[in-house]
Amino acid sequence: MNAPAPGASFTDLLHSLGARPTWVAQPGDKAPSAPEGTTVLALRYNNGVVMAGDRRATEGNLVAHRRIRKVYPTDRYSAVAIAGTAGVAIEMVKLFQVELEHYEKIEGVRLSLEGKASFLARLVRGQLPLAIQGLGVVPLFAGFDEREGRGRLYSYDVVGGRYEETDFGSTGSGARLAKSYLRTTYREDLTAEDAADLAVKALVAASQDDTATGGPDLLRGIFPNVVHIDSDGVRELGDDVVGPLAEQAVESIL
Amino acid sequence: MTIPFYVAPEQLVRDKAEFARKGIARGRSILGLDYAGGVLLLGENPSTALHKISEVYDRIAFAGVGRYNEFETLRKAGIRQADLMGYLYSRDDVTAMGLATAFSQTLGVIFIRDPKPFEVEVLIAEVSEDGSEHRLFRVTYDGTLFDERNFVAIGGKSEQLTAALGELWREGLTLKEAFDVGAEVFRRAEGRESEGWEMAVLDATMSPRTFRRLDPSEFTAS
């Protein structure tokens, strides 16, 4: 309990204790092969953001996991979706979740949305040496800005660059396909329901031409993860809602 | 002038204890009591900016009385320890018991080692998963740890408050009833009306984070 006071940051606390998660790879080392998360996307609707991700992780040409989760609520008003090396990304999200909660408890107020987005950029930047080895993580971040009263979303690049998107964003192997689908179908003033429908359709569209993106698995009952984020906070949609959306999406696209 | 080169340990401990008790007696008290759906923490606090009651973890809350900077140091240390444990192991591995013993250790060492003891008393509350069995721990300035049942009071008026709670508390109070009991207990102990409430609950029906601050005006209006 007598650790040196690192202010309100949990990451800095871990650092001061030498417990921050690190993966050391020397330049020139052959990068190990590890499962990769593939396609995630987010789009804005009239009063919030919807975020969705397929469930597949791949290792080379193999399916490593069929039911991996890539969309994570990070606090009451925000969520992160991840693409890239799954193990590194999941650890990053876990640290980010604790960081937001820790700050909120220590300071008595939540970070601003901009503050959260900027901290996530710092975490991504910290993984740059690993990214050079081919084990990069590229998240998407979305949240409801309590001060401005609107949903906002940010995409990142592998060096920690942060870009606010006005309409939609996507990252991962199927991102280009998902984005071209969204570009032709997105419109302003979508309702929450329409936005969820569109998000699932875009994932299905990506899965048609990208083998690393898992389409809905109707036989096993594996459906995309979808969350809504608006003034009521983050709400995860259950399979009872996403299942029918996914079936319709498969029918309409085939 | 002669320099005393020996002070009996009894004398030293007595002096420090008296000093700490005086400091604590100057501040206002806080109480914690079980109600049907969780634990209510209630304190008299005219400030709406400076909090004495705070969230520590999913099912754990902290309250401190005495010197603000001292219990604030303990509060932050508690949150750090809880978040660290939960991050390194699992969220289920963070318990009020673990935190209470850590506070007890810290306060005990400070009391013996430092020239000036902390003038604080802290309360750690935890609601159980099913909302049936709650834990209330009280740690005093010298690190003594008490495991309380159903209700607890810390601060200068803790004895009078505990006595009044013993008369008024009963099993299965609603939240509103628990607040009324708390307010009446304060009225009896202080002999006057409160200058403002700070209140929060650990609400067992919420998940995963059960801590919630309440607006006292919702309770005092009726």
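The model is predicted: local features need pLDDT of at least 70, side-chain atom pairs count only at pLDDT 80 or more, and totals for chains, interfaces and linings use all residues. Residues are numbered from 1 along each chain as its sequence is written, with chains lettered from A and ligands numbered from 1 in the order in which they are written.

**Helix pair in chain B**
- α4 (residues 158-168) and α5 (residues 175-190) of chain B pack at about 135°, with axes 9 Å apart.
- Axes are lines fitted to C-alpha atoms, for helices over the stretch in contact; angles run from 0 to 180 degrees between N-to-C directions.
- Helices (H or I, at least four residues) and strands (E, at least two) are DSSP runs, numbered from the N terminus.
- Contact (C-beta atoms, placed from the backbone, within 7 Å) involves B:L161 and B:L165 of α4(B), and B:V181 and B:V185 of α5(B), among others.

**Sheet in chain A**
- Five strands form an open, antiparallel sheet in the order β11-β2-β3-β12-β13.
- β11 (168-171) and β13 (233-236) of chain A are at the edges with a single partner strand each, so one side of each lacks a neighbour in the sheet.
- Strands pair if DSSP finds at least two bridges between them; β2 (residues 40-45) of chain A has four to β11(A).
- A:L41 has A:S170 as its bridge partner in β11(A).

**Chain contact**
- Chain B gives 13 residues and chain A nine residues.
- α2(B) supplies the largest share of chain B's side, eight residues.

Methods:
Contact = placed C-beta atoms within 7 Å.
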